[in-house]
Amino acid sequence: MKLKHTLIASALALVLAAGLRAQTATATTAAAPADTAPADVATTGTAAPAPQFTDAQVFEMLGWYIVSNTPINELDADAPLKDAFIKGARAAVDGKPSPYDNDKIRPDMERVLGARQEAYQARQKTDADKKAAAFFADLKKNTNIQTLPTGVMYEILRPGAGAFPTANDTVTINYLGTLSDGTKFDSSYDRGEPAVFPLSGVIPGMTDALQKINKGGKIKIYIPYDQGYGDRGSPQIPPFSILIFEVELLDFGATPPPPADTADATADAADAAAASAAAKADVAHADAAAADAAAKAAAAEATAADAAADGQ
């Protein structure tokens with residue numbers, strides 16, 4: 001199992017390190033001669049703000065960032081396991097070598113950490129299913145809310161007019177996205193401009209529900225996690241999340257075909273793949289013919305040897 005969160009922590013550490021290097025470089029480049037006042041003092045008459053945190057506090061925060069973004073939070077570690085984790089981390093910070101052979105311990109790391117992470121995700125799913133069942137059962141009491149075969153539910157807040165979009169259309173919408181607890185995770189209103197996207201290119205729950213409202217209308221959509229971001233989540237959305245969208249359909253139209261150069265590139269790639277397959281087939285036929293010729297030559301040699309033996 002790939003422990004993706006460790007990559008996040010590593011990336012964060014690199015980002016912080018890069019930021020420190022950039023600040024150092026900037027300070028070195030911008031440093032004034034000894035007889036010249038720093039720019040901020042010369043122009044404003046005030047020195048740079050005093051630091052708010054000590055070096056020790058910064059390092060403490062760095063440790064918190066790294067650990068909070070690793071699978072340790074998902075592995076149900078008891079006190080002895082946490083102590084072992086801290087022991088390994090301290091050894092690394094102190095520059096000590098790995099306590100065990102990396103290649104030898106890797107299979108057991110994958111086994112132990114993989115099993116514990118799977119158990120954690122299974123508990124998450126069980127809890128999410130219970131909450132979702134209660135949430136959607138309560139929604140069904142509202143006669144204004146309709147249910148699609150996928151389990152997605154929706155309510156028409158304001159009817160539109162005219163035709164309805166299809167999955168092949170591109171829509172222009174304003175929307176507000178929240179979790180079931182009311183936490184806002186996205187909003188085109190906050191960005192100050194509507195969103196435009198092919199309806200086939202978003203999460204399934206959105207694709208299905210937006211085909212139930214026509215231009216100028218407003219719809220509220222309730223999406224189960226299996227029709228949203230599933231067990232993966234996203235940076236703003238936890239795994240197994242129910243999503244709620246209020247959407248205004250401003251406009252829609254047929255999704256334009258891909259640019260000609262893209263289509264040509266796709267066709268060229270298909271032709272290249274076909275040519276490669278044909279070349280491989282030719283090589284295979286040639287190999288087979290060579291093998292057959294070799295077999296016949298071997299048989300002829302055997303016959304000649306038999307004849308020579310009979311002549312003696």
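Predicted model: local features only at pLDDT ≥ 70, side-chain atom pairs only at ≥ 80, totals over all residues.
**Stop 1: around Ser188.** Colour helix α6, residues 188-191, and you will find Ser188 in it. Now show what surrounds the serine. Leaving out residues up to four places away in sequence, Ser188 touches Ile173, Asn174, Tyr175, Glu193, Pro194 and Ala195. Which backbone atom lies 2.8 Å from a polar atom of the Ser188 side chain? Draw a distance to the backbone nitrogen of Tyr175 and you have it.

**Stop 2: the largest nonpolar core.** Ile173, one of the residues touching Ser188, leads us onward. The largest nonpolar core has 24 residues, and Ile173, Leu210, Ile221, Leu243, Phe245 and Val247 touch the most other members. To see where this core comes from, colour β3 (169-179), β5 (195-198), α7 (204-209), β6 (218-223) and β7 (243-254), the elements that give two or more residues to it.

Next, pick Val247. Beyond its neighbours within four places in sequence, Val247 is in contact with Ile173, Asn174, Tyr175, Met206, Leu210, Gly217, Lys218, Ile219 and Ile221. Another core, of eight residues, lies apart from the largest one; Ala132, Ile145, Tyr222 and Ile242 are among its members.

**Stop 3: helix α5.** Ala132 is also a buried residue of α5, so select residues 102-139 to see the whole helix. Its 38 residues reach 52 Å from the first C-alpha to the last, close to the 56 Å expected at 1.5 Å a residue. Where does α5 bend? Look at Asp108, where the angle is about 30°.

At the N-terminal end, show Asp101, which caps α5: one of its side-chain oxygens lies 3.1 Å from the backbone nitrogen of Asp103. Then walk along the helix and highlight its buried residues, Leu113, Gly114, Gln117, Ala128, Ala132, Phe136 and Leu139. As you turn the view, remember that residues three or four places apart point the same way, because an α-helix has 3.6 residues a turn.

**Stop 4: aromatic rings.** Phe136 also belongs to an aromatic cluster, together with Phe135 and Tyr222. The structure holds six aromatic pairs. For one of them, select Trp64 and Tyr65: their rings are edge-to-face, 5.6 Å centre to centre with 65° between the planes. Are these two residues buried or exposed? Trp64 counts as exposed at 52% relative accessibility, while Tyr65, at 32%, is partly exposed.

Conventions
Residues numbered from 1 in each chain as written. Heavy atoms only, no water. Helix = DSSP H or I, 4+ residues; strand = E, 2+ residues; numbered from the N terminus. Polar contact = N/O pair within 3.5 Å; in protein donor to acceptor, adjacent residues only side chain to side chain. Contact = heavy atoms within 4.5 Å. Core = buried A, V, L, I, M, F, W, Y, C linked by side-chain atoms within 4.5 Å. Buried < 20%, exposed > 50% of the residue type's maximum accessible area, 1.4 Å probe, protein only. Expected span 1.5 Å × (residues − 1). Bend = angle between axes of the 7 residues up to and from the residue. Phe/Tyr/Trp six-rings, centres within 6.5 Å; stacked < 30°, edge-to-face > 60°.
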